[in-house]
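Please keep the sequence and the coordinates in view while reading.

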2 protein chains.
Amino acid sequence: MENKIILLGKIQNRQVTVGVIGLGYVGFPLAVNFASAGVAVIGFDTSEERVSKLIAGKNYISDVDDQLAGDLLSGKKLVPTTDFSLIKSCEAIFICVPTPLDEFRKPDMSFIKDACEKIGSNMKPGTFISLESTTYPTTTEDFVLPILKEKSGMKEGEDFWLAYSPERVDPGNKVFHTGNTPKVLGALNEDGLEIGEAIYKLAVDEVYTVSSPRVAEMVKILENTYRLVNISLVNELALLAGKMDINIWEVIDAAKTKPFGFHAFYPGPGIGGHCIPLDPFYLESIARKFNFELSMIHTAGHIDLLMAHRMTLKITSALNRQHKSINGSKILFLGVAYKPDISDDRESPALKIIDEVVKKGGGVSYHDPFIPSIKTGNGNKVQSVELNADTLEGADCVVITTNHSVFDAGFIEQHSKLIVDLRNLIREASDKVYKL
Amino acid sequence: MENKIILLGKIQNRQVTVGVIGLGYVGFPLAVNFASAGVAVIGFDTSEERVSKLIAGKNYISDVDDQLAGDLLSGKKLVPTTDFSLIKSCEAIFICVPTPLDEFRKPDMSFIKDACEKIGSNMKPGTFISLESTTYPTTTEDFVLPILKEKSGMKEGEDFWLAYSPERVDPGNKVFHTGNTPKVLGALNEDGLEIGEAIYKLAVDEVYTVSSPRVAEMVKILENTYRLVNISLVNELALLAGKMDINIWEVIDAAKTKPFGFHAFYPGPGIGGHCIPLDPFYLESIARKFNFELSMIHTAGHIDLLMAHRMTLKITSALNRQHKSINGSKILFLGVAYKPDISDDRESPALKIIDEVVKKGGGVSYHDPFIPSIKTGNGNKVQSVELNADTLEGADCVVITTNHSVFDAGFIEQHSKLIVDLRNLIREASDKVYKL
């Protein structure tokens, strides 16, 4: 009880020291928000490269303002480090580490495990801990809590408090960011919830509390499962529409005129990024422990797995019109980021299509204004080429894989011999333009 | 060309005579809107009962104002009839007949076929025809057009014009109705589109034109497929959440705080009504003709097919807590309409659960303020009982199947021995309250 009163007092007076573990697109903006609120922040990361960059005052997260980050770093308001023993200086710790899938598409919990072991071994009594990484429901209670207890020998609810609050970062979103997106929070008990709410309110506008960590865990998975399922649905309908000579983009635009009960999703070459292609499979995985098969996620995942292959078949069909095969053709991809106007190519469907085209003997080049080079599946590094009349005219087929807003549809159409447009950049299909 | 100019002139001067075929929840409001616009309307229906009611000035569609309908009918602005030879008096005909599924869950096109044969045999040159019934893409071009041509011996684009415009009626919606919901319209040619737009604008605020009937057909199916898939998704997640001791309703409320990229759907005992349980399967059916399997619709449909059975298992589990079986227990269902505050029980999941409970030997009664009687699967007619302390106390289990807004959660909870709440009417689960 005393621990709680002391911590709440420190939070109120902004004398609390905050530790953020994992300085990526989730942790770094959160650390910046806490530091901006006048709270001392220590940022932990295992990457020497990242920490060195930050020590040099260099921001690498596009959603964070360079000037603000530079000021907080140079003013030592935010101290980046690889030294996890400094956890003992923190009274509140936020775990923002990756939760990827392993090569068998199962949850890879190693980053959370490692972070929890480091916290458990170093934390002092009276510490609040919140997990932000997206993960399956029950993780906080059944995976994180046992490690913290074992490593620290301390008791939750007395010596420390544990909570879960899902990150909801949408990279590139110009309106909603860490500070103005409501923060869902679930803790193991009332004290943890009270402390968590108090401290999060230093960094974000609104905290929405729920009855347990598992509810908060499920919230994030529901949000991203909704997106996976709807994108897969519209991708499947797009493939059918292609066979039925129906322009799916026109259908969606018309459906959007319904003033109730409809939310538009757009087709594309597949799902990318670090959330939607992964999170639902965390739920699918834990569901098995409860003898439950999530057929919607399974089906949506299956559609997505096939998309790169189906898009490659579209390229094959387009080239076939001109009596060409992928093998031996020059194919220029426009855009390799997983969504427009960002520099992230994680899980990008463009890369998967490129790999398949390379395997089939296609000569691949690409242009992306945000991504200077990529690695193809065979390990080769490919540099982005310029987007100009020569590079377009030199390609047997131009494939539009990301609709970056700088792409000029008219110019691309004018100078290309053949286009496979997977993003509705070119409005009208024609002999030359093959649309998804 | 002359036919078109004559018809456009009649539309402009409101001297056109409109025929509406099928006076149900789609056709009757449309007929009322045309009649209100000062256009002469003939309403066709095969049901003597319906037509007699209307001739007597009685409205039976709850979304239509009784006074308005009565005035239009008594003033002969809207003339109901079973005499389809009067089609020859019409210059514009709107087909608003049912498109159900047959017992093998395949499209039942008999109502459209019958309407088209009657139109083709009776229409005069210079007639505009629009199909509003929800159906699979290609219906207008490949199913309706051949019948009209054969029966009339006339030529589309010269002697008559054919279009498709999906009905988007949402029964019980207090904000959006026929007049203020944008009308999507696709025609076989520019003339048909021009005529269609002109005439629809007499009855609705906004017409949104698309490039073909098949695009317009796909629009409606996309809208309802979106709903089927998302309701099935959340129903499946609700079943898992129940096993994981997670309150799915709390999860959805928290997910709704995300200010972008999420649209809340709520779980329930299954999908009902005349659209969502049917329309997507029209698309699934035509997809087979194009050698395409719609796996998302298939999976969503499969989840929905199992819902009534799974809900019966919930009743079994709840009774089991009190050492009772369905066989021999008295079970009171609250609400048999497929959604709140309407009197429609078509495809209602409540009826399917009732049938299964009856088969298992349960003694079934129900209360619905909008539906005075139902027929169970064994052909028995059951009357709605009163909702009072006695009827609640007399039941071994009370099942909340529809969340009509008049239902008083506190009163129901107070007087029931055991509740299975499939609609989140009672917020907290307890020993007595078993929630989906």
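Chain A has a mean pLDDT of 96, and 100% of its residues reach 70 or more. The model is a predicted one, and its scores are ipTM 0.95 and pTM 0.95.

The relation between the two chains may be considered next. The same surface serves both copies, since 100% of the contact residues of chain B recur in chain A.

How many residues of chain B are in contact with chain A? The contact joins 52 residues of chain B to 52 residues of chain A. On the side of chain B that touches chain A, at least two residues each are supplied by β8 (207-210), α8, α9 (248-255) and α11 (295-321) of chain B. The largest share of this side, 16 residues, comes from α8(B). By class, the residues of the side of chain B that touches chain A comprise 31 nonpolar, 12 polar and 9 charged.

One pairing between the chains can be followed in detail. Helix α9 of chain A (residues 248-255) packs against helix α8 of chain B (residues 213-243) at an angle of about 60°, and their axes are 9 Å apart. Because of this angle, α9(A) is oblique to α8(B). The crossing of α9(A) past α8(B) is right-handed. From α9(A), the contact is made by A:Glu250, A:Val251, A:Ala254 and A:Ala255, and from α8(B) by B:Val215, B:Met218, B:Val219, B:Leu222 and B:Glu223. This contact of α9(A) with α8(B) has 7 nonpolar and 2 charged residues, with no polar residues.

A further pairing lies within chain A. Helix α11 (residues 295-321) and helix α12 (residues 349-359), both of chain A, pack at an angle of about 60° with their axes 9 Å apart. Therefore α11(A) is oblique to α12(A), and the two helices form a right-handed crossing. On the α11(A) side stand A:Met307, A:Ala308, A:His309, A:Met311, A:Thr312 and A:Ile315, which meet A:Pro349, A:Lys352, A:Ile353, A:Glu356 and A:Val357 in α12(A). What classes of residue make up the contact of α11(A) with α12(A)? Its residues divide into 7 nonpolar, 2 polar and 2 charged.

Key
Residues are numbered from 1 along each chain as its sequence is written. Chains are lettered from A and ligands numbered from 1 in the order in which they are written. This is a predicted model: local features need pLDDT of at least 70, side-chain atom pairs count only at pLDDT 80 or more; totals for chains, interfaces and linings use all residues. Two residues are in contact if their C-beta atoms, placed from the backbone, lie within 7 Å. pLDDT is the predictor's confidence in each residue, from 0 to 100. Axes are lines fitted to C-alpha atoms, for helices over the stretch in contact, and angles run from 0 to 180 degrees between N-to-C directions. Helices (H or I, at least four residues) and strands (E, at least two) are DSSP runs, numbered from the N terminus. Angles under 35 degrees count as roughly parallel, over 145 as roughly antiparallel, 65 to 115 as roughly perpendicular and the rest as oblique. A crossing is left-handed if the near helix is turned anticlockwise from the far one by less than a right angle, and right-handed if clockwise. Ala, Val, Leu, Ile, Met, Phe, Trp, Tyr, Cys and Pro count as nonpolar, Asp, Glu, Lys and Arg as charged, and the others, Gly among them, as polar.
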